[in-house]
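Hi everyone, thanks for coming. I'd like to walk you through a structure with two chains in contact, so let's get it up on the screen.

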Amino acid sequence: MIAWRVDPADNVAVAAQAVKAGDVLNVGGIDVIAVSDMPVGHKLALCDIPKGTMVIKYGVPIGKASEDIHTGDYVHTHNVEDITTLLCEEYATAYRRKAAEQ
Amino acid sequence: MRTEFLGYERSDGEVGIRNYILVISMVHCANSVAQQIAWATGAHVIVHDGGCVEFADQHERTYLSLLSAAKNPNVYASLLVGLGCEQTDHVKLIREIEESGRKAEYVGIQEQHGAKETVAAGVEMVKKLQTEAAKMERKSFPVSRLVLGVQCGGSDWTTALSGNSTIGAMTDLLVSQGGSVIISEVGGFPGSEHVLANRAVNTKVGLQIMQMCDELRDDYVKVHGQTIEEVNPTPGNKAGGITTLVEKSMGNVKKIGVESPIQGLIYAGEHVPHPGVWILDLRAPGVDGNATTGFSMSGAVIDVFSTGRGSPLGNAVMPTLKLTGNPASYEEMKSLFDFNAGVVLEGASLEETGKALLEKVISVASGEETKSEINGNFEYLIPRESRH
């Protein structure tokens, strides 16, 4: 069974098939054991992601862990907070500041 | 890797990959007459719900959309089919089409004293144009002359992972050889504006991207009373595994690859000023046909369309090259798909698959029919920011 890490910096991978708890998923040569069932196309953690730290996919933060996430855990809306607004405001401010300094 | 394709040179210097004849309705009253002329001749028809009793801004968009279709480099000639008393000024339209070097003729229902009579006259005119068009020969051009649209729709969990990523690999390769790629679907940009701004060729363009995303966010609140984050990702997106808006948006912008700088923003009907990656800032609702038509209005000659679940969408003035990132969808719907990017999920490298996609683009550019053409899918949806 396979899961896909899109970017080398990612701490989650996407399951390429429906997964049952206990399934071993190969992620670019490394095995990760799924903690719970999850549908195809959903994400599992490749390492521990402590509460309050970022979930990384496509090499960028996509949200914040709303509880402690452990290796092999199913990662979705139940344990990730969508902080898009905050992230985008921070990025926009930083970009505009950089542009103004040029 | 081929670096040239066989295309048609137009007198204004643009290069097309098809030699289509269009039958364009001037007003909705002439739609079925235009359709009958097209069906009898195999020409492509453009019908719509405008052309009369339109407010100035709405009519301006109707006019621009019809003019842009006729001026696309894939078009040899257009037959304009009017009623006779409509708002659309066919004399001005013919003049502006001819300025681009493309041909245009007109047939009017009131002038011809009836619908059947107009169909008969129109069919003869199209046949004559087809005979002329058949005399044109393809010539060799470098791939730097290609302008593509990149798009996704009918998405599933593979769309971002293998479908859009393969388009991105193709984009990087084509642009490195001097070609042009247009992305739109800008409603999907908020959430990845920082990534896009950092890809901009300079900070001026980066700030324009930021500004566009700010406006899109503000419009959401003004028009719907809700933030974009409140409605996105949708319940369907979440069921498919998308957790946050950043994640959804990043999957969308994978289509422009990772390397090529964004040269700037263009608007409805504008062609790319110079090669590279461009954003078509078209804020019409996110139905797929709006972006496809927007690309063809900006002079794109092929639309490369990633669809996980499968969509037949085509366009009257350019072939749509359909690919899926889902190997199962590819097997189930071979009659819809031109390319299987699902091989990426089965171990093929993204780089090689992107290269194979560019090869397919070059074959299509040189004359190979896409499934959209074989299946007769030739939509043309006038993109409107608002229907009110």
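Before the sheet, one definition: two strands count as paired here if DSSP finds at least two bridges between them. And please keep in mind that this is a predicted model.

With that in hand, look at chain A. There is an open sheet of 4 strands in chain A, in the order 1-2-5-8, and the pairing is antiparallel. At the edges sit strand 1 (3-4) and strand 8 (74-75) of chain A, each of which pairs on one side only. Let's zoom in on one of those edges. Strand 5 of chain A, residues 43-45, is joined to strand 8 of chain A by 2 bridges, and these two strands run antiparallel. If you want a residue pair to click on, L44(A) stands opposite Y74(A) in strand 8 of chain A.

Now over to chain B, and a pair of helices there. Helix 1 (residues 31-41) and helix 4 (residues 115-133) of chain B pack at an angle of about 45°, with their axes 9 Å apart. That angle makes helix 1 of chain B oblique to helix 4 of chain B. The crossing of these two helices of chain B is right-handed. Who makes the contact? From helix 1 of chain B we have V33(B), Q36(B), I37(B), A40(B) and T41(B), and among those from helix 4 of chain B are G122(B), V123(B) and V126(B). By class, the residues of this contact between helix 1 and helix 4 of chain B are 7 nonpolar, 5 polar and 1 charged.

Next, the place where the chains meet. How many residues does each chain give to the contact? Chain B gives 23 residues and chain A gives 28 residues. On the chain B side, the elements giving two or more residues are helix 6 (193-199), helix 7 (203-224) and helix 10 (245-253). That side of chain B has 11 nonpolar, 8 polar and 4 charged residues.

Let's stay with helix 7 of chain B. Its axis and that of helix 1 (residues 84-101) of chain A come within 10 Å and cross at roughly 150°. Angles over 145 degrees count as roughly antiparallel, and therefore helix 1 of chain A and helix 7 of chain B are roughly antiparallel to each other. Their crossing is left-handed. Helix 1 of chain A brings A92(A), Y95(A), R96(A) and A99(A), while helix 7 of chain B brings T203(B), G206(B), L207(B) and M210(B). Those residues divide into 5 nonpolar, 2 polar and 1 charged.

Notes: Residues numbered from 1 in each chain as written. Chains lettered and ligands numbered in written order. Predicted model: local features only at pLDDT ≥ 70, side-chain atom pairs only at ≥ 80, totals over all residues. Axes fitted to C-alpha atoms, helices over the stretch in contact; angles between N-to-C directions. Parallel < 35°, antiparallel > 145°, perpendicular 65-115°, else oblique. Left-handed = near helix turned anticlockwise from the far one by under 90°. Contact = placed C-beta atoms within 7 Å. Nonpolar A, V, L, I, M, F, W, Y, C, P; charged D, E, K, R; others polar.
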